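Let's take a look at a protein chain together. Have the sequence and the 3D view ready as you read.

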Amino acid sequence: MSAACGRIGRVSEESGAAGADELGPYAEKVLDAVDLIPSGRVMTYGDVAEWLGEGGPRQVGRVMAQYGAVVAWWRVVRSDGVLLAGHERRALAEYRAEGTPLRTVGPAAEGHVPRLDMRRARWDGRAPDGGRPAADGSAGEPGAGGAPGPACGAGGAGGG
């Protein structure tokens, strides 16, 4: 069972969204992928789409806007490292707590919100052994596909 299964009720409660029937397989895949991003690391919206092998940055962004509150939303970022507008303080607190690399700013930049150091913070989607993590968070075979699939045994038509 994937992590999405346990969060479906929370998605409905926290975002006002409908339950599992309307979450959709693509949204479940995105949320499962976000769950795999290690603490202190980030992926861009485009990275997540590429890792899944479907959709694009806008589709990932739409899923995160609707359901991101139930995952570590601060780990999915813009490619330029700029913090999510309107959520900078909360994201910055999470980055500092996790030790996510930030770009340092000089003393003249007082009040400036730092950016992520994308060169150091970006996660390539590989497990420590060089393989890809499986949907359940365990390490997959080195070099194996292993992208998260539809959660909860959800079948049916639909695409993303």
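## The overall picture

Keep in mind that this is a predicted model. The chain has 7 helices and 4 strands. Starting at the N terminus, the order goes α-α-α-β-α-α-β-α-α-β-β.

How much of the chain is buried? Of its 160 residues, 41% are.

Now for who touches whom. Take the contacts with a separation of 6 or more: 59% of them link residues 24 or more positions apart.

## A helix on the inside

Find helix α3, which covers residues 25-36. With 12 residues at 1.5 Å a residue, α3 should span 16 Å, and its end C-alpha atoms sit 17 Å apart, so the two values agree.

Is α3 mostly enclosed or open? Buried residues make up 10 of its 12, so the rest of the structure largely encloses this helix. Among the buried ones are Y26, A27, V30 and L31, and the list also includes E28, K29 and D32.

## The largest pocket

Next, look for the largest pocket, which holds about 240 Å³ of space. Its lining has 13 residues, and M64, A65, G68, W73 and L84 lie nearest the centre.

Which helix gives the most to this lining? That's α5 (residues 57-67), with 5 residues. Sorted by type, the lining has 8 nonpolar, 4 polar and 1 charged residue.

Methods:
Residues numbered from 1 in each chain as written. Predicted model: local features only at pLDDT ≥ 70, side-chain atom pairs only at ≥ 80, totals over all residues. Heavy atoms only, no water. Helix = DSSP H or I, 4+ residues; strand = E, 2+ residues; numbered from the N terminus. Buried < 20%, exposed > 50% of the residue type's maximum accessible area, 1.4 Å probe, protein only. Contact = heavy atoms within 4.5 Å. Expected span 1.5 Å × (residues − 1). 1 Å grid on protein atoms, 1.4 Å probe; cavity = no way out; pocket = protein on both sides within 12 Å on 5 of 7 lines; lining within 4 Å. Points joined across faces, edges and corners; volume = space filled by probe spheres on them. Nonpolar A, V, L, I, M, F, W, Y, C, P; charged D, E, K, R; others polar.
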